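Subject: Structure handover

Hello,

Here is the structure we spoke about, passed on for you to look through. My notes follow below it.

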Amino acid sequence: MKKYIFILLASAALGLTSCSPFQVRSDYAETANFTSYKTYKIRIDDLKLNDIDKDRVLNELSRQLQSKGLQSGENPDLIVNVKANHKKITDITNNSPYGMYGWGGPFGWGVGMSRTWTSNYNEGAIIVDLIDSKSNKLVWQGIGSGISVDSPKAKQRQIPEIMAEIMKNYPPQK
């Protein structure tokens, strides 16, 4: 019996860890030859982050690119442009139970209760553009959103996770 409970708990844990809290998508130019790209150079003109988060993004991006077989170089095949942004999100939750019944049964006079909760937070996104340095055209773009910008501990954990999720789609499988 203990063996079955362990297997059930292990399956549940695996199922929970495989679900990503991020929304990730990518697009690519079908005419690009991704096997010809061997080197890259990161450009951070549009990366408006504090220094701590910037280091997290750039370190993880470099690690992911190198794991794909690309090497950093001064005369690169790909220019990697990284951008980050955030937006304010307002979640509204409304709970309208039927309430208490009053005089005359369920269709008579009575009192009902309704509760509404709101929560405001900032959600961040990272955009990675891969540009062919010879043609100066965008050949691949990955976007990931869902970073908890308001929590430093969450950002510390989530930035490497979202970068890995974004780069999982590179090179694209045609």
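**Helix H2**

In this predicted model, the buried residues of H2 are Asp53, Lys54, Val57, Leu58, Glu60, Leu61, Ser62, Gln64 and Leu65. An α-helix has 3.6 residues a turn, so residues three or four places apart point the same way. Among the buried residues of H2 are Val57, Leu61 and Leu65.

H2 covers residues 51–67, and at 1.5 Å a residue its 17 residues should span 24 Å; the C-alpha atoms at its ends are 24 Å apart, so the two values agree.

Both ends have a local feature to check. At the start of H2, a side-chain oxygen of Asn50 comes to within 3.0 Å of the backbone nitrogen of Ile52. Just after H2, Gly69 has a positive phi of about 95°.

**H2 against H3**

Two packed helices are described by the angle between their axes and the distance between the axes. For H2 and H3 (residues 152–167), the axes come within 9 Å and cross at roughly 30°. The angle is under the 35 degrees used as the limit, and H2 is therefore roughly parallel to H3. The crossing of H2 past H3 is right-handed.

Which residues make the contact between H2 and H3? From H2 they are Asp53, Arg56, Val57, Glu60, Leu61, Gln64 and Leu65. H3 contributes Pro152, Lys155, Gln156, Ile159, Pro160, Met163, Ala164 and Met167. Val57, Leu61 and Leu65, listed above as buried, are among the H2 residues in this contact.

**The chain as a whole**

The protein has three helices and six strands. Along the sequence they follow the pattern α-β-β-α-β-β-β-β-α. Of the 174 residues, 31% are buried. Among contacts with a separation of 6 or more, 72% are between residues 24 or more positions apart.

Some individual contacts of this kind are set out next.

**Asp77 and the loops around it**

Asp77 sits in the loop between strand E3 (71–72) and strand E4 (78–95). Is Asp77 buried or exposed? Its relative accessibility is 15%, so Asp77 counts as buried.

Leaving out residues up to four places away in sequence, Asp77 touches Ser36, Tyr37, Lys38, Thr39, Ile131, Asp132, Ser133 and Lys134. With one of these, Lys38, there is a polar approach: a polar atom of the Asp77 side chain lies 2.8 Å from the backbone nitrogen of Lys38.

Lys134, another residue touched by Asp77, is in the loop between strand E5 (115–132) and strand E6 (137–148). Lys134 has 72% relative accessibility and so counts as exposed, whereas Asp77 is buried.

Glu74 is also in the loop between E3 and E4. Glu74 is exposed, because its relative accessible area is 69%. The side chain of Glu74 makes a polar contact of 3.3 Å with the side chain of Lys41. Glu74 and Thr39 are 35 residues apart in sequence, and their C-alpha atoms are 8.5 Å apart. Thr39 is one of the residues that Asp77 touches.

**Ser26 in strand E1**

Ser26 belongs to strand E1 (residues 23–28). At 35% relative accessibility, Ser26 counts as partly exposed. Setting aside neighbours within four places in sequence, Ser26 is in contact with Trp140, Gln141, Gly142 and Asn169. Trp140 is 114 residues away from Ser26 along the chain, and their C-alpha atoms are separated by 7.3 Å.

**Backbone geometry to check**

Most residues other than glycine have a negative phi, and most peptide bonds are trans. Two places in the model depart from these patterns.

- Asn136 is not a glycine but has a positive phi of about 60°. Asn136 is in the loop between E5 and E6, and at 58% relative accessibility it counts as exposed.
- The peptide bond from Tyr170 to Pro171 is cis, with omega near -10°. Pro171 is in the segment after H3.

Regards

Definitions and conventions:
Residues are numbered from 1 along each chain as its sequence is written. This is a predicted model: local features need pLDDT of at least 70, side-chain atom pairs count only at pLDDT 80 or more; totals for chains, interfaces and linings use all residues. Side-chain values use heavy atoms; hydrogens and water are left out. Helices (H or I, at least four residues) and strands (E, at least two) are DSSP runs, numbered from the N terminus. The expected span of a helix is 1.5 Å times one less than its number of residues. Buried means under 20% relative accessible area, exposed over 50%, partly exposed in between (1.4 Å probe, protein chains only). A polar contact is a pair of N or O atoms within 3.5 Å; within protein, one must be able to donate a hydrogen and the other to accept it, and residues adjacent in sequence count only if both atoms are side-chain atoms. Axes are lines fitted to C-alpha atoms, for helices over the stretch in contact, and angles run from 0 to 180 degrees between N-to-C directions. Angles under 35 degrees count as roughly parallel, over 145 as roughly antiparallel, 65 to 115 as roughly perpendicular and the rest as oblique. A crossing is left-handed if the near helix is turned anticlockwise from the far one by less than a right angle, and right-handed if clockwise. Contact means heavy atoms within 4.5 Å.
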